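Trainee: I am new to this structure. Could you take me through a close look at one part, the charged side chains and how they pair?

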Amino acid sequence: MTEEMKPESVALHHLGAAAALDPELLCIFGTGDLGRSLGQRLLQSGYKVVYGSRRPHSCGPVPQGAQVMSHAAAARSASLIFICVHREHYDFIEMMAPHLEGKVLVDLSNNLKKDMYPEANAVYLQRLVPGAEVVKGLNTLSAWALQNGLLAGKQVFLCGNSAKAKHAVAEMATKLGLTVLDRGSLSAARELEDFPLQLFPQWRLPLCVALGLTAFFYFYLLIRDVLYAYFEDGKDISFRIMVSLANKVFPIVSLIMLSLCYLPGVIAAFIQLYRGTKYSRFPDWLDRWMLCRKQIGLIALGFALLHAIYTFIIPIRYAVRHKLISRVVDEMKNNKTTPFNFDNTEAWATDSFYVLGILGFFLYVLLGLTSLPSVGGSLSWREFNFVQSKLGHLTLTICTAHGYIYGWNKFLRPSTYKWYTPPGYMLCLVVPSIVLVLKMLLLLPCVDNTLTRIRQGWERTRLREEEGEIKATNL
């Protein structure tokens with residue numbers, strides 16, 4: 001080690017203007033992946049970093065510009081210490097209790113499963129070092145996110161018994177580009193430690209909705225197409241279950257999920273118009289719905305991608321090739337040709353159907369790309385809002401028109417309603433049509449005034465009812 005990296009080489013400076021300009025020195029216990037990634041990020045943010053290690057001479061590579069000392073020397077040199085070691089290695093911290101008096105200890109540890117220990121790691125750490133101020137936080141950050149700089153706007157949680165200590169940690173986290181949420185005292189530490197153990201918490205509701213819609217329409221179309229052909233026409237077309245049936249379900253679910261992505265915004269707009277303010281809180285169910293719109297949109301994109309892939313493989317399927325070859329062989333065998341008249345209307349409908357499908361899928365992909373943090377972070381708020389709102393509704397409009405053109409000449413055919421049930425594409429057009437109609441109503445200049453008058457009328461009615469109840473009580 002160089003002279004300036006020796007454990008006892010901590011330089012002391014007189015307090016003054018020059019010292020005030022020096023970067024703050026932070027300490028990290030642990031030189032694993034998380035500790036090294038955190039140190040690199042702190043150095044990039046303008047801090048000085050010192051590592052505390054059991055083997056300061058052979059601890060492995062650390063970020064350039066950081067020092068490595070013994071635990072005791074590193075603890076004496078900094079007032080804010082990050083604990084990046086597992087709970088089972090906390091024994092050395094108890095022996096260092098005299099050196100940690102008055103220090104702020106940030107516990108970043110997590111467990112492999114819930115209720116692994118009788119008490120939270122941060123509570124256990126506070127019991128080992130009662131003279132220190134323990135703050136639980138930053139434990140939802142991964143080494144990969146720290147290394148790749150994907151921290152802008154990311155929310156982290158803090159809890160601790162000392163408001164001063166939490167303020168110091170929150171100030172540091174803000175400099176890293178993080179958004180800090182205070183969860184209260186150290187008794188909330190177990191809740192914070194359980195956060196990383198949750199499996200896709202924001203994806204559960206969208207995935208359940210998508211799986212429910214997939215199962216419903218799959219069995220619905222199975223009854224209408226496969227079972228109907230078997231019982232009514234005596235045909236066994238069960239081979240369509242794998243590709244044809246799935247290729248009908250995927251676009252149906254995709255369009256419904258896309259419309260569910262924009263429906264809560266329309267509902268929220270009408271609620272704001274009715275209440276006459278945008279500052280009142282939405283219902284909890286609407287809040288939860290709006291928070292998972294990104295996941296709903298990405299699932300819709302996934303189903304649209306599956307629909308595109310399945311469509312490409314249609315010409316190479318055995319059933320399609322066999323049907324075409326059989327038609328040619330029959331005509332050659334019977335020495336006849338099937339009259340084929342060009343239908344200009346059908347040609348226009350077919351070309352429009354494919355063009356709208358291609359444009360809709362292109363906008364789908366564009367929306368999905370802008371939802372990625374690396375892409376969305378490079379856009380201004382106005383640009384991001386334009387893509388996700390304006391182009392989003394345009395995508396919904398194009399995809400809905402794609403569905404209408406698919407069945408433009410089938411709506412009035414009696415053969416379309418097998419067993420008196422509507423086809424799947426008709427059902428899937430209901431929700432997006434409602435969303436687009438409500439959105440167009442919001443764009444009308446008279447809607448705001450109309451809804452305001454309705455709200456005022458309901459308010460007057462409510463006041464009259466309350467006055468009537470008061471008079472009845474007085475009597």
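Mentor: What follows starts with the whole chain, then turns to the charged side chains, and ends with a few other residues.

Keep in mind that this is a predicted model. The protein has 475 residues, and 38% of them count as buried. Its secondary structure comes to 19 helices and eight strands. Take the contacts between residues at least 6 apart in sequence: 69% of these join residues at least 24 apart. The protein exposes about 28300 Å². Carbon and sulfur atoms supply 62% of that area.

Now the charges. Side chains of opposite charge can pair when their charged atoms come close. A search of the whole structure finds twelve salt bridges.

Start with Asp225 and Lys248. They form a salt bridge, and their closest N and O atoms are 2.9 Å apart. Is Asp225 buried or exposed? Asp225 has a relative accessible area of 10%, so it counts as buried, the cut-off being under 20%. Lys248 is at 36%, so it counts as partly exposed. The pair also belongs to a network of salt bridges. Arg224, Asp225, Lys248 and Lys418 are linked in it.

Next, Arg127 and Glu119. Their side chains meet in a salt bridge, at 2.4 Å from N to O. Arg127 has a relative accessible area of 52%. Arg127 is therefore exposed, as the cut-off is over 50%.

Then look at Asp284 and Arg281. Their side chains also meet in a salt bridge, here at 3.6 Å from N to O. Both residues are exposed.

Some charged side chains gather with like charges instead. Which residues form a positive surface patch? Lys235, Arg240, Lys323 and Arg327 do. Patch members have no salt bridge, by the rule used to find patches. Pick out Lys323 from the group. Lys323 lies in helix α13, residues 318-334. Its relative accessibility is 54%, so Lys323 counts as exposed.

Two residues deserve a stop for their backbone. Most residues other than glycine have a negative phi. Asp115 has a positive phi, near 55 degrees, and is not a glycine. Where is Asp115 placed? Asp115 is in the loop between β5 (104-107) and α5 (121-128). With a relative accessible area of 63%, Asp115 is exposed. Trp419 also has a positive phi, of about 55 degrees, and is not a glycine either. Trp419 is in the loop between α16 (381-406) and α17 (424-428). At 37% relative accessibility, Trp419 counts as partly exposed.

Finish with a buried residue, Ser37. Ser37 lies in helix α2, residues 33-44. Its relative accessibility is 3%, so Ser37 counts as buried. What does Ser37 touch, leaving out residues up to four places away in sequence? Ser37 touches Ala143, Leu146 and Gln147.

Notes. Residues are numbered from 1 along each chain as its sequence is written. This is a predicted model: local features need pLDDT of at least 70, side-chain atom pairs count only at pLDDT 80 or more; totals for chains, interfaces and linings use all residues. Side-chain values use heavy atoms; hydrogens and water are left out. Helices (H or I, at least four residues) and strands (E, at least two) are DSSP runs, numbered from the N terminus. Buried means under 20% relative accessible area, exposed over 50%, partly exposed in between (1.4 Å probe, protein chains only). Contact means heavy atoms within 4.5 Å. Accessible areas come from the Shrake-Rupley method with a 1.4 Å probe; for residues, only the protein chains shown count as cover. A salt bridge is a side-chain nitrogen of Lys or Arg within 4 Å of a carboxyl oxygen of Asp or Glu. Patches are made of residues with over 30% relative accessible area and no salt bridge: like charges are joined within 9 Å, nonpolar side chains (Val, Leu, Ile, Met, Phe, Trp, Tyr) within 5 Å. Lys and Arg count as positive and Asp and Glu as negative; His and the chain ends are not counted. The place of a charge is taken as NZ of Lys, CZ of Arg, CG of Asp or CD of Glu.
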